[in-house]
Amino acid sequence: MGCLYQSRIFIVMRCYIYLHRRLDTNEIFYVGRGTVGKKASGNCDTHTYQRAYVNHKHNNHWLRITNKTSWSVEIVEDYLSWEESILLEIEYIKKYGRLNLNEGLLVNFTDGGEGSRGLVVSDTVISTQRNRMSSDLNPMKNTKNKIKQSIRMKKNNPMKNTDTQKKVSNTQKLMWLNGTENHPRKNKPREDLRLRNLTDNPTKNPEVIEKIRQSALLRDNKGGKSPNAKKVMDISTGTIYTSVKECMNGMNISHTTIYRYLKNGKVIYV
């Protein structure tokens, strides 16, 4: 069936139905559906109908036929929505019949559409799956595998294995004693570390607490005493304030408002 194109602007999720035909017997052996590729050129080529020309991602029956003989692609339905393509694929598979159900020559394993509806699973596959899940290969049912896993976790977990704990402690000691020159704790006994903590920790050293308090007082912006304080002037009244905070209190405005005034030019730095 020919391919008709009216425009190069394609519909979103444009779907189609295709058939695969054997060239030796001229028989239809596969029905499929696909969507127009992103590299669609507007012609009947492999870019437009990419899924129809794929020679892999098929079942073994399809591969056996294509290894024996050549095959061709026929686009029988085009410009379909997603729902229409599902319904038409089911109709075409029902029309030509499936080989594994002795209804026709199609090598399709399902009835078409979404999912695996109509899939026939052989007794051999079912028994193989049953044996695999009920055998020792299943870690959820084999107690030996659970015991091995618990032993492996104990060996690798330093919180449960004493040997690993010793290895970790020895490694830490080596790192402590054999550090580089830039290592802050290299060759320092624990007494020195305690003294250093006493001098550097503000919760234990009153001198450090006093230094922090003095620096906080220097950063305080009350009354313009801070070295970082800047004088500002109210343009409307001409009043000069020693700091932004004093200007806020004098004009009775909020922090957000004063910086908006500074941005708009109602208040300027002096």
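By class, the lining of the largest pocket divides into five nonpolar, eight polar and four charged residues. The model I am showing is a predicted one. The volume of this largest pocket is about 230 Å³. Seventeen, written 17, is the number of residues that line the pocket, and those closest to its centre are Y30, V31, E89, N108 and T110.

Where does the largest share of the lining come from? Strand 2 gives the largest share, four residues. Strand 2, residues 28-35, and helix 2, residues 82-96, each supply at least two residues of that lining.

Next, the sheet. In general, strands of a sheet pair through backbone hydrogen bonds, either parallel or antiparallel. Here three strands form an open sheet in the order 2-1-3, with antiparallel pairing. Strand 2 and strand 3, residues 71-80, are at the edges with a single partner strand each, so one side of each has no neighbour in the sheet. On average, neighbouring strands of this sheet are turned by 20° against each other, direction ignored.

Now one pair in detail. Strand 1, residues 15-22, pairs with strand 2 in the antiparallel sense over seven bridges. In this pairing, R21 stands opposite I28 of strand 2.

Last, the helices. Helix 1, residues 60-68, packs on the sheet and touches strand 1, strand 2 and strand 3. The direction of helix 1 makes about 115° with that of strand 2. Helix 2 also packs on the sheet, touching strand 1, strand 2 and strand 3. What angle does the direction of helix 2 make with that of strand 2? The angle is about 180°.

Methods. Residues numbered from 1 in each chain as written. Predicted model: local features only at pLDDT ≥ 70, side-chain atom pairs only at ≥ 80, totals over all residues. Heavy atoms only, no water. 1 Å grid on protein atoms, 1.4 Å probe; cavity = no way out; pocket = protein on both sides within 12 Å on 5 of 7 lines; lining within 4 Å. Points joined across faces, edges and corners; volume = space filled by probe spheres on them. Nonpolar A, V, L, I, M, F, W, Y, C, P; charged D, E, K, R; others polar. Pairing = 2+ DSSP bridges. Axes fitted to C-alpha atoms, helices over the stretch in contact; angles between N-to-C directions. Contact = heavy atoms within 4.5 Å.
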